[in-house]
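Subject: Structure for your review

Dear colleague,

Please find below the structure that I am handing over to you. My notes on what was found in it follow directly after.

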Amino acid sequence: MQNFQNLIQTLQTSIFSWDYFSNFKKIKDNSFKIKIQLNILNSLLWEENIENKFLDILKEYPETRKVLPILIAVRDFDKQILDRDTMLVSEVKYLFNPKKDFIDNDMLLFFDISWLKEVFQNKYISNLNDYVFWVETGLDSNARKNRTWDLMENLVEEFIKDLCNKNPWFQYKEQATVSFMKKEWNIDVKSDKSSRRFDFAIFDSNKNKVFLIEVNYYWWGWSKLKAVAWEFTLLYKFMQEQDISFYWITDWLGWWTSAKPLEEAYNKMEWNIYNIEMLKGGILNELIK
């Protein structure tokens, strides 16, 4: 039987692989989608009579308006803007909507104050396609927090996939809903939340039994960790009442500063909390016998 000290002392120091830092396929795809509009705007680079030509392009090729926000490193523009001179706040999303007319002065104000005019006119960049590729790279770095969760889930999925490949009577579903389990496996699961999606559900067709798994990963101890531990403790008890096995797989060093709530959950969940090191040791084979 595993013990809590074994759990806390074998937490991973990292799950980062080289593809974590930038999703270059997504970056390339995002950049390619607006290639035509960027090529049209490329004609503005180093122009002298740039304001008039800028307005002419936007009027003749209105679709170019949609790509202007990405040039200031904003993918979806949804903000109101404060005019520093009048101290008035204005709704300006319409500037980037090709189906709406724009006021020349408002567009030129954006062009000037945002510094795009300076960038275009003074050779700060030589090609908008390359520039946007690196803008997208910077924006993608902001998605790393979500990608950490994906990495953890992907890592756990490799162990589950290996289990099912070696034991063909097992099937699994990621982001499994109760409706899916009822429809596909004829298993009734009551959920504590109508929106609940279990990170993984594993179905044993020989025993007509389902095993549910939740996965997460924490870098440092947040106050949220106590709430998370409490939530999964209640979820475990809720599943126990239905005679359904529920396991929590969690990891990373954040638990070192929040060990107390994790230990309480560990005991209340009858030791059904595991980490990556335990998966590497083959714990899934023991749990799903």
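The model is a predicted one. I begin with the surface, where Phe-16, Trp-18 and Phe-21 make up a nonpolar patch whose accessible area totals about 380 Å². Of these residues, Phe-16 is located in the loop that runs between α1 (4-9) and α2 (24-33). Its relative accessibility is 31%, so Phe-16 is classed as partly exposed, given that this class covers values between 20% and 50%.

The patch residues also take part in ring contacts. Phe-16, Trp-18 and Phe-21 are joined with Tyr-217 and Trp-252 in a cluster linked by ring pairs.

Across the protein, the count of aromatic pairs is 21. One of them is formed by Phe-24 and Phe-133, which are stacked, with 6.0 Å from centre to centre and 5° between the planes. Because Phe-24 belongs to helix α2 and Phe-133 to helix α8 (residues 128-141), this pair ties together parts that lie 109 residues apart in the sequence.

The charged end of Lys-173 sits over the ring of Phe-180, at 5.2 Å from the ring centre. In the other case, the charged end of Lys-209 sits over the ring of Phe-211, at 5.4 Å from the centre.

Turning to the overall architecture, the protein contains 14 helices and seven strands. Its radius of gyration is 26 Å, well over the 19 Å that the globule rule gives for 289 residues, and the protein is therefore more spread out than a compact globule. Along the principal axes, the C-alpha atoms fill a box of roughly 75 × 40 × 35 Å. Of the 289 residues, 43% count as buried.

Yours sincerely,

A colleague

Notes: Residues are numbered from 1 along each chain as its sequence is written. This is a predicted model: local features need pLDDT of at least 70, side-chain atom pairs count only at pLDDT 80 or more; totals for chains, interfaces and linings use all residues. Side-chain values use heavy atoms; hydrogens and water are left out. Patches are made of residues with over 30% relative accessible area and no salt bridge: like charges are joined within 9 Å, nonpolar side chains (Val, Leu, Ile, Met, Phe, Trp, Tyr) within 5 Å. Accessible areas come from the Shrake-Rupley method with a 1.4 Å probe; for residues, only the protein chains shown count as cover. A salt bridge is a side-chain nitrogen of Lys or Arg within 4 Å of a carboxyl oxygen of Asp or Glu. Helices (H or I, at least four residues) and strands (E, at least two) are DSSP runs, numbered from the N terminus. Buried means under 20% relative accessible area, exposed over 50%, partly exposed in between (1.4 Å probe, protein chains only). Rings of Phe, Tyr and Trp (its six-membered ring) pair if their centres lie within 6.5 Å; planes under 30 degrees apart count as stacked, over 60 as edge-to-face and the rest as tilted. A charge sits over a ring if NZ of Lys or CZ of Arg is within 6 Å of the ring centre and within 35 degrees of the ring normal. The radius of gyration is taken over C-alpha atoms; the globule rule is 2.2 Å times the number of residues to the power 0.38.
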